[in-house]
Amino acid sequence: MKIEWAFYQNGDETEEVFYEYLDKDLYESKYQEHLYCISAECNAMIKFTHRKNGVKFFSTWNGQGDLHDTECPYYLQNKGDVERNKILGLIESAPITDEHIINTILNKSKNLKTKEKKKVPNRRLTTRRTLQGEQSSKPEVIDNGNINEKGSSQIKIFSLDSKHITPDYVGYRKCVFGKIRHVYFNETDDYVYLNLDNDQYKVSVYLPHAFYADPEKTTKSALETFLRIVKHDLRANNELIIICVGMIRFKGNQQGVNVHVINPSHLLINDAKYYEIITNNSIPQNPYNY
Ligand SMILES: [Zn+2]
């Protein structure tokens with residue numbers, strides 16, 4: 001595991017920092033003791049090392065490993081295989097309702113509309129959570145500042161900008177958001193890729209055959225219409241921001257990662273739902289401060 005991104009926070013000044021962008025002098029003059037885990041849920045501080053041989057890396061500040069949220073891959077960095085498999089197993093098998101996923105996506109969409117250009121996570125408000133989700137009904141602050149509804153699943157699905165996805169997130173379920181760059185429909189093998197913005201890795205929203213296998217949810221012909229509209233808007237330079245929830249997995253050839261979206265209700269583009277896009281035969285303009 002290699003931490004590639006960190007979040008710089010110093011008063012009102014904030015920035016997402018890629019490790020290769022730093023060097024020793026720049027780090028010591030500005031960033032030292034102001035870098036945090038890129039996940040807004042984590043309170044862990046990040047430190048930068050630049051060795052004499054040129055090797056650069058981020059690591060968690062000594063003794064702060066447990067300040068990563070349990071759903072952050074770097075929480076597991078110094079844990080053994082047993083702990084790792086247990087946590088990943090819990091994420092995989094967690095009971096998550098469609099309603100909970102839809103609420104997560106809608107909350108994220110609302111949040112992206114109102115948020116300032118730069119996110120300023122209020123780390124003092126966050127507390128580390130246990131994976132099984134507190135079963136208590138007491139309302140909690142979740143990543144987008146909304147209160148979880150009573151009765152809804154208490155398992156939190158945290159959001160992740162597609163730009164910050166690395167293979168370390170494989171095995172986690174996330175609410176991923178990002179710009180769509182390209183659409184690819186493989187009709188022979190029955191799957192769709194919506195490629196997202198990321199400078200280091202191939203990151204795609206992956207719609208497997210299961211996405212349109214149940215005619216009660218959608219059909220191949222509806223999906224084709226949806227994709228035609230998305231392609232048209234990309235060509236017309238409409239900036240398309242997708243928000244979706246799915247498990248992150250390696251691509252078949254290990255070259256990059258996919259976000260597996262298995263239900264048309266688990267995605268929004270520019271705040272429009274799948275069937276709204278098909279019915280209106282268009283996608284709204286980007287409504288977000290993103
Ligand atoms: Zn973290």
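I began with helix α4, where I found A222, L223, F226, L227, I229, V230 and D233 to be buried (buried means under 20% relative accessible area, exposed over 50%, and partly exposed in between, with a 1.4 Å probe and protein chains only). Seen down the axis of α4, these buried residues fall within an arc of 160 degrees, so they line one face of the helix; the arc is that of the directions from the helix axis to the C-beta atoms.

I noted that the model is predicted, that local features need pLDDT of at least 70 and side-chain atom pairs count only at pLDDT 80 or more, while totals for chains, interfaces and linings use all residues. Residues are numbered from 1 along each chain as its sequence is written, and side-chain values use heavy atoms, with hydrogens and water left out.

I then looked up the extent of α4, which covers residues 220-235, has 16 residues and reaches 22 Å from its first C-alpha to its last, close to the 22 Å expected at 1.5 Å a residue (the expected span is 1.5 Å times one less than the number of residues). Helices (H or I, at least four residues) and strands (E, at least two) are DSSP runs, numbered from the N terminus. The buried residues of α4 pack against β7, β8, β9, β12 and α5, where contact means heavy atoms within 4.5 Å.

Next I turned to the zinc ion, and I listed its protein donors as C37 (SG), C42 (SG), H68 (ND1) and C72 (SG), which lie 2.1 to 2.4 Å from the ion (donors are N, O and S atoms within 2.8 Å of the metal, or 3.2 Å for Na, K and Ca; water is not among the atoms, so sites may look incomplete). In sequence I read the spacing of these donor residues as C-x4-C-x25-H-x3-C.

Y193 lies in strand β8 and Y206 in strand β9, so the pair ties together parts that are 13 residues apart in sequence.
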